[in-house]
Each structure stands twice: as structure tokens, then as C-alpha cells.
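Work through the exercises below with the sequence and the model at hand. Each task is followed by a worked solution.

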Amino acid sequence: MTLSDYLDQQNKKHLILDFDNTLFRLELPWENWDKRMRFDLIELDANLYHDYERSRVGLTDFVMGLSQIQNEYVSRYGQKALKIIRENNEQFETLELTGFSLNKELYKLVKENHKYSYSLWSSNTRKAIMPILELHDLVDRFTTIVTRSDVDLLKPDTEGFDKYIYTYGSNLNDYLMIGDSDSDMGAATNAGIDFYRETFFR
């Protein structure tokens, strides 16, 4: 079912979009993320990092693996781990970005359809995504933009939704999470809202 067909059948008011591989696709050598992070994370907790390496074997959703290991380190080591991870992510996403692609259908929805309000909930850093949003004149279309730079814990944790997106007293049935990954789906499930899997870049 297309997103347009889904929205025609549902009475949604607020759409929450993931960024990478949903609204845009960032061209990044993700294998280099591990190379950048490996030394610092092993120094912090070697056993935890090696458990992460073993768990990646056969993992079908790479994004979920990245989110889980970052959340685990932050949960155990707090601001010390968060500082390391945020700095690495920002350097990686800005210095190694080689380009990006646009989901034209989703872009048109956000740009032209004023029936809904929109939020962006991304695991990418603010420094990486804001120039792209500004280039496409999208910043003002989002009531809220939540990035890796704003939260301690990534999706599927609901920190981004609970602190920045959800309006107290509003109906959870009014919200729809649109994303491409299991971490997006898990975040929607944990928040108690509906999920639509976007497959444009798949």
C-alpha cells in the first residue's frame, strides 16, 4: 500500500518522518563508522564492544545495530559515552558525506500538503541534516526537528518523541511514524503510535 493510499484510509493529523533512507538518503561509507569508533568504545568497555561485533553477524537491519550499541554505551556510561559518540557521529557525517538523494514523493507531501503537521525525528546529527533541509526549503515545514544532537538515546527509545514531539493530552492515534528501519518501527511501537514503512530507497 502506498503512503498516499494509507493516509486516505487513516485519520492522521501529525506525521513524523525519519531522515536518512526515508526523506533523503545520505551517501556515507557506514563501514567507516566502526573504524572511527572502535578504539574509543573498546577503551571504554571492550566486552560490550565485542558483544556488539558478534551480534552484528547475520543482522538484517544495520541501523538497528548502530542504535542499540550507542544506546547501550550511553545507558551504562552516561555523558562520557555520549560525548564520544556525538563527536564521532558529527565528524563522520560531515567529513565523509559524499552526496545525498531525495525522496521526491515524500518531499512533495511535506512541502505541499498542509493537512498535516510534520516533525522530523532523526538519528543523524543536526550539523549533517540542517544544511540539506535548508537547501530544499524544508526547515519551516517541520514543527519539531529532533536529531542525534538533541537526545541521549536513539530510536527505538522514545526519548525524542516524549520530550520534543508529543503534545501532552493529544491523542496518540493522531500520530504516524514514517521510517525505513526496524529502529523506526520499534520507536513507533514503544511510543504507542502507528508506523508506515517507507521503501523508496530500498
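**Exercise 1: aromatic pairs**

Searching the whole structure gives twelve aromatic pairs, where rings of Phe, Tyr and Trp (its six-membered ring) pair if their centres lie within 6.5 Å. This is a predicted model, in which local features need pLDDT of at least 70, side-chain atom pairs count only at pLDDT 80 or more, and totals for chains, interfaces and linings use all residues. Residues are numbered from 1 along each chain as its sequence is written, and side-chain values use heavy atoms, with hydrogens and water left out.

Task: classify the pair formed by F200 and F201, and state why F201 counts as buried.

Solution. 
1. Planes under 30 degrees apart count as stacked, over 60 as edge-to-face and the rest as tilted.
2. The F200 and F201 rings are 4.9 Å apart centre to centre with 85° between the planes, so the pair is edge-to-face.
3. Buried means under 20% relative accessible area, exposed over 50%, partly exposed in between (1.4 Å probe, protein chains only).
4. F201 has 13% relative accessibility and therefore counts as buried.
5. F200, at 38%, counts as partly exposed.

**Exercise 2: a second pair**

Task: find how Y116 and Y118 are arranged, and whether they are buried or exposed.

Solution. 
1. The centres of Y116 and Y118 are 6.4 Å apart and the planes make 70°, an edge-to-face pair.
2. Both Y116 and Y118 are buried.

**Exercise 3: a cluster**

Solution. F161, Y166 and Y175 form the cluster with W121.
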